[in-house]
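This report walks a new reader through one protein chain, moving from single residues to the chain as a whole. Please keep the sequence and the model in view while reading.

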Amino acid sequence: DFTHNGKTNAWGRHDIGLATAQLTFQATALGLAVHPMAGFDPEKVISTYGIPAGFTPATALAVGWPGAGPDVEEALRQRDAAPRQRHHQPAWAFAGRWGKSPYCCYP
């Protein structure tokens, strides 16, 4: 849970995102690859790493040297080389009210 001193920490998940971003920037600058993951088993992480009561894993990060050559499966190589599909910004960035585009030229 996201509590501190018995109070809910409403910004805990925000802080995780900021920390993940900063770690990713630094790792990338050092030539490392970072893969953040939300799809993991928190209970298994707790038991594997002996995390004490009161702490709940909220994210996982794989950090390492990028794979190359024969140790990368062909399907992964193709996926990584494919163009990225991104949502158009007006689909997720709003101004003033939910659904109102911050851009003058979009509805």
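Where is the place of Ala38? The model in which this is to be looked up is a predicted one.

The place of Ala38 is in the loop between β3, which covers residues 33-37, and α2, which covers residues 42-49. With a relative accessibility of 66%, Ala38 counts as exposed, because the cut-off for that class is over 50%. Ala38 and Ala58 are separated by 20 residues in sequence, and their C-alpha atoms are 7.1 Å apart in space.

## The chain as a whole

Along its principal axes, the C-alpha trace spans about 55 × 50 × 25 Å.

Of the 107 residues in the chain, 9% are buried. The chain exposes about 9,100 Å², and carbon and sulfur atoms supply 60% of that area. Among the contacts in the chain with a separation of 6 or more, 46% are accounted for by residues 24 or more positions apart.

## Helix α1

Helix α1 takes in residues 12-29, and Thr20 is one of the residues that lie in it. Is Thr20 buried or exposed? Thr20 has a relative accessible area of 13% and is classed as buried, because that class takes in values under 20%. When residues up to four places away in sequence are not counted, Thr20 touches Pro36, Thr59 and Leu61.

Helix α1 is also the place of Ala21, which counts as partly exposed at 26% relative accessibility. Ala21 and Phe94 are 73 residues apart in sequence, and the distance between them in space is 22 Å, C-alpha to C-alpha. Gly17 is likewise found in helix α1, and with 41% relative accessibility Gly17 counts as partly exposed. Between Gly17 and Asn5 there are 22 Å in space, C-alpha to C-alpha, although the two are 12 residues apart in sequence.

## A nonpolar patch on the surface

Which residues form a nonpolar patch on the surface? The patch is formed by Leu23, Leu61 and Val63, which together have about 220 Å² of accessible area. Val63 is found in strand β4, which covers residues 60-64.

How many salt bridges does the count come to? The count comes to 1 salt bridge, in which the side chains of Glu74 and Arg77 meet with a distance of 3.3 Å from N to O. This distance qualifies because the rule asks for a side-chain nitrogen of Lys or Arg within 4 Å of a carboxyl oxygen of Asp or Glu. Both Glu74 and Arg77 lie in helix α3, which covers residues 74-81, and they are 3 residues apart, about one turn of the helix. Glu74 is partly exposed, with a relative accessible area of 44%, and Arg77 is partly exposed as well, with a value of 35%.

## An aromatic pair

A search of the whole structure finds 1 aromatic pair. The ring centres of Phe94 and Trp98 lie 4.7 Å apart and the ring planes meet at 50 degrees, so the pair is tilted. The reason for that label is that planes under 30 degrees apart count as stacked and those over 60 as edge-to-face, while the rest count as tilted. Phe94 counts as partly exposed at 29% relative accessibility, whereas Trp98 counts as exposed at 80%.

Conventions. Residues are numbered from 1 along each chain as its sequence is written. This is a predicted model: local features need pLDDT of at least 70, side-chain atom pairs count only at pLDDT 80 or more; totals for chains, interfaces and linings use all residues. Side-chain values use heavy atoms; hydrogens and water are left out. Patches are made of residues with over 30% relative accessible area and no salt bridge: like charges are joined within 9 Å, nonpolar side chains (Val, Leu, Ile, Met, Phe, Trp, Tyr) within 5 Å. Accessible areas come from the Shrake-Rupley method with a 1.4 Å probe; for residues, only the protein chains shown count as cover. Helices (H or I, at least four residues) and strands (E, at least two) are DSSP runs, numbered from the N terminus. Buried means under 20% relative accessible area, exposed over 50%, partly exposed in between (1.4 Å probe, protein chains only). Contact means heavy atoms within 4.5 Å. Rings of Phe, Tyr and Trp (its six-membered ring) pair if their centres lie within 6.5 Å; planes under 30 degrees apart count as stacked, over 60 as edge-to-face and the rest as tilted.
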